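Subject: Structure handover

Hello,

Please find the structure below. My notes on what was found in it follow.

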Amino acid sequence: MNREKNWARLQQETFDICIIGAGASGAGAALDAALRGYRVALIDRGDFASETSSRSTKLIHGGVRYLEQAIKKLDLAQLRQVRHGLAERRTVIRNAPHLAHPLAILTPYSVGSRDFT
Ligand SMILES: Cc1cc2nc3c(=O)[nH]c(=O)nc-3n(C[C@H](O)[C@H](O)[C@H](O)COP(=O)(O)OP(=O)(O)OC[C@H]3O[C@@H](n4cnc5c(N)ncnc54)[C@H](O)[C@@H]3O)c2cc1C
């Protein structure tokens, strides 16, 4: 994690793929590409995971908000998004059981309540 050394490497070495942005998306894409044997340069204008990714609650929830939209708006695309999210979640849990595991959550709900938000 030596910035000066890495700048020098960027100028001297050849890479197959250059990814701009080292948040969760960029880091994930970089890892995937590196595991496939590509030489990857991962660049960020700040620090790794310093933007949106630093604020995540780290729940791999699979898209509960998309599910809400799918049901409320009868939107098939949103439902497909949920399926995709759940499939990705399965992959993460399978590939990285040391980082991600199922967590039981209890949501209090009053039968008389009308406000779900
Ligand atoms: C409060 C909050 C809670 C959340 N909780 C969850 C959760 O529980 N579960 C979940 O799945 N998701 C959650 N999310 C959403 C999740 O955090 C984001 O979807 C995810 O972090 C986005 O990652 P990203 O890599 O796309 O973007 P970012 O993390 O923003 O990464 C983009 C990177 O690109 C860099 N960059 C931008 N432009 C340039 C440029 N021109 N040159 C070089 N670098 C550049 C930035 O510096 C940044 O580091 C939450 C989000 C918030 C705000």
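Which two side chains meet in a salt bridge at 2.6 Å, N to O? They are those of Glu68 and Lys72. A salt bridge here is a side-chain nitrogen of Lys or Arg within 4 Å of a carboxyl oxygen of Asp or Glu.

Before the rest, a word on the basis. This is a predicted model, in which local features need pLDDT of at least 70 and side-chain atom pairs count only at pLDDT 80 or more, while totals for chains, interfaces and linings use all residues. Residues are numbered from 1 along each chain as its sequence is written, and side-chain values use heavy atoms, with hydrogens and water left out.

Back to the first pair. Both Glu68 and Lys72 belong to helix H4 (residues 64–72), where four residues, about one turn of the helix, separate them. Helices (H or I, at least four residues) and strands (E, at least two) are DSSP runs, numbered from the N terminus. Glu68 is partly exposed at 34% relative accessible area, and Lys72 is exposed at 61%. The terms are set as follows: buried is under 20% relative accessible area, exposed is over 50%, and partly exposed is in between, with a 1.4 Å probe and protein chains only.

Across the whole structure, the search finds four salt bridges. Side chains of opposite charge can pair when their charged atoms come close.

A network of salt bridges links Arg9, Glu13 and Arg39. As for accessibility, Arg9 is partly exposed at 38%, Glu13 is partly exposed at 28% and Arg39 is partly exposed at 39%.

One more residue to look at is Gly62, in the loop between helix H3 (52–55) and H4. Is Gly62 buried or exposed? Gly62 is buried, with 12% relative accessible area. Apart from neighbours within four places in sequence, Gly62 is in contact (heavy atoms within 4.5 Å) with Val82, Gly85 and Leu86. Gln78 is 16 residues from Gly62 along the chain, and the C-alpha atoms of the two are separated by 12 Å.

Regards
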